[in-house]
Amino acid sequence: MFNTNFLKNSFDATKIMYNLDKRAYIKNFAVGIVQTITIVANTILMQFFIDALANTVGNNKTIGIIALLIGLAVVTVLSEIINGYQNYLYGYYIDNGVKILTDLLHEKISEFERIKLDDSNELANIERARKGVGNLVELVLVLGDAITFYGLYFILLGIYFFSIDKKMIIILPMIFVPVMLSHLSKIKLFSDMDEKISMYKIQMKHFISCFTKNNYLREMKYLNAEAFFKNKFYESLKSFQHEIFSTNKKAAKKDFIGKMLTFIGTVAIILLLTAELINGNITVGVFGAVFAALKQMFSLMDELISVHFGDAMENIGTVEATINLINEKNDTNVYNDYTDFTKIKFNNVSFTYPHQKKSALDNISFEIHKGEKIALVGPNGSGKSTLSKLIIGLYKPSRGLITVDKSKLRLYKDKRTAIFQEYVKYKMSVEDNIKISDFDKKESVKSKIDLYAKDLKIDLHTRLGKEFGNEDLSGGQWQSLAIARGFYKDAGLIILDEPTAAIDPIKEDSYYSLFQQELKDKTAILVTHHLASVKIADRIIYLKDGRIKEEGSFDKLMSMKGEFYRLYSTQANKYKK
Ligand code: ADP
Ligand code: MG
């Protein structure tokens, strides 16, 4: 039932949750221990009570009986109260545990190497880890309960039985074995069913969306295919129901076998108790107390094995994903200081995206000096964006070395850089859309708005986005905001990756003269198809197929009459016409 992976994951999960909130963990299980003690105390008091009752037949010691009766009542009520409190704690522990674990997970994901977010396997792992959060918290509770509640319960019972008569200890396996056997007989049944119905579930979901989603519905009407889809849906539904029905039928049979096993266990225990009673090894009180607690013993054992461990085993895969993600080591405290360096140097750097054969960058070597402006030019897919991301430390080279002065370039953790390309539309106020690049900065965003987004004529505090009943911005307006956002931050190194792709040509020209001002004291990498603007660069790097084809000042590349020259001339001619 338990493999080593299960044990290791259980241990790791417990360690994580214990370290996250030690007090809550201890409190939860301390209360569990108290509850267990009251339940066992109840059984023992019951024995004393029955024994006292049996002994008083004939004489008149009623005071002792009344005292025991009161004691029994108090313990019963106490046990109920503690049970209620324990349930409350349990619920709280799950809610709070899920919250802090989710926070931790998000923190970990934010520390991820950026390249992982380009890797579909990694994304699937993140998704699994997210699903595992709730399961992990529940696993930890089940494990704690298994020890402090169920485990302790059966240990205390064992001690109690043993102290009365050694033979009585055999009662424990008489409970455990039938419950275990009936669980094992069912375990495969439901996992098989889950596997079979998951396909039907996906099918049904798809057909339902065909009926409810706009674009599908339109096409369905156009094809006159309603009846066809309805039939498809009912077919899946029928198979789905059939699978569940037949599994439940089988489960009912197995349940019957399980009940028989439990019955056999119960009868065996009663026979044992009777024999012990006749032989004078136990008192009537012990017989009565154990007899009264039998149902509880079976149901607790069943709860532990089929419900709790059943769920835990089923969910252990997602729990493992969560543990792996949380225990992943990321170097968090290191960063590159892009305000204080003399040069960034690429030494034979190559880069390949995950699961790709062809490299995006092939053997790149060049230097960037502090304060320099470099333009990256080249056809689509030549590696300009990839190279920008390596410069800033978002991606690590697959081969070769990048250094900042004497030290190796670290992964991107630094505040002193800004990159803007695929502009994001944050559904927040105009002000927050800009402030997000540097939240600690006190300066008003107004100066940047005036430069780049004056024509928006939207109040700084208006939340953007149709969802809030506001006018949405056009693509170009969103990109203007993104530019304002990028320049709001005091960055030492700035990457402008096609920053004006969505902006109209007239504005574009004025933006480039603004950029020239903004970039004056900064190191900047400019990726652009707006070739007129590459003149603001000190140096141009012309990329093709991931390699540096031409490199030098504008004048030098023009006089070389190579690929850059041809590209520039074509564009310039277009404008002349
Ligand atoms: P550019 O910015 O010059 O258009 P990119 O740097 O975006 O070029 O792309 C360089 C090469 O890497 C292209 O062949 C592209 O298909 C590939 N590439 C870019 N991004 C990814 C990615 N996330 N996963 C796999 N391949 C990618
Ligand atoms: Mg690009």
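This is a predicted model: local features need pLDDT of at least 70, side-chain atom pairs count only at pLDDT 80 or more; totals for chains, interfaces and linings use all residues.
Helix α5 covers residues 171-212, and helix α6 covers residues 214-223. Their axes lie 5 Å apart and meet at an angle of about 75 degrees. Angles from 65 to 115 degrees count as roughly perpendicular, so α5 and α6 are roughly perpendicular to each other. On the α5 side, the contact is made by His206, Ser209, Cys210, Phe211 and Thr212. On the α6 side, Asn214, Tyr216, Leu217 and Met220 take part. Sorted by class, the residues in this contact are 5 nonpolar and 4 polar, with no charged residues.

The structure holds 2 cavities of 30 Å³ or more. The largest cavity has a volume of about 50 Å³. Its lining is made of Met17, Leu20, Asp21, Ala24, Tyr93, Asn96, Gly97 and Ile100. Two elements, α1 (4-20) and α3, each give two or more residues to this lining, and α3 supplies the largest share, 4 residues. The lining of the largest cavity has 5 nonpolar, 2 polar and 1 charged residues.

The largest share, 8 residues, comes from α8. By class, the lining of the second largest pocket divides into 9 nonpolar, 11 polar and 3 charged residues.

Strands come next. An open sheet is formed by 4 strands in the order β2-β1-β4-β5, with antiparallel pairing. The strands β2 (361-369) and β5 (407-408) stand at the edges with a single partner strand each, so one side of each has no neighbour in the sheet. Inside this order, strand β1 (residues 343-351) is joined to strand β4 (residues 399-404) by 5 bridges, and the two run antiparallel. One of the bridge pairs links Ser350 with Arg399 in β4.

Strands β9 (residues 539-544) and β10 (residues 547-552) run antiparallel and are joined by 5 bridges. Ile540 has Gly552 of β10 as its bridge partner. The hairpin leaves 2 residues between β9 and β10, and Asp545 in the turn has a positive phi of about 50 degrees.

The second largest cavity is lined partly by strands. About 40 Å³ of space lies in this cavity. Lys373, Ile374, Leu519, Ala524, Ile525, Leu526, Ile536 and Ala537 line it. The strands β3 (373-377) and β8 (523-527) each give two or more residues to the lining, with β8 giving the most, 3 residues. By class, the lining of the second largest cavity has 7 nonpolar residues, 1 charged residue and no polar ones.

Definitions and conventions: Residues are numbered from 1 along each chain as its sequence is written. Chains are lettered from A and ligands numbered from 1 in the order in which they are written. Side-chain values use heavy atoms; hydrogens and water are left out. Axes are lines fitted to C-alpha atoms, for helices over the stretch in contact, and angles run from 0 to 180 degrees between N-to-C directions. Angles under 35 degrees count as roughly parallel, over 145 as roughly antiparallel, 65 to 115 as roughly perpendicular and the rest as oblique. Contact means heavy atoms within 4.5 Å. Ala, Val, Leu, Ile, Met, Phe, Trp, Tyr, Cys and Pro count as nonpolar, Asp, Glu, Lys and Arg as charged, and the others, Gly among them, as polar. Two strands pair if DSSP finds at least two bridges between them. On a 1 Å grid over the protein atoms alone, a cavity is a set of points where a 1.4 Å probe fits but cannot get out, and a pocket is an open set with protein on both sides within 12 Å along at least five of seven lines; lining residues have an atom within 4 Å of a point. Grid points are joined across faces, edges and corners, and a volume is the space filled by probe spheres set on the points.
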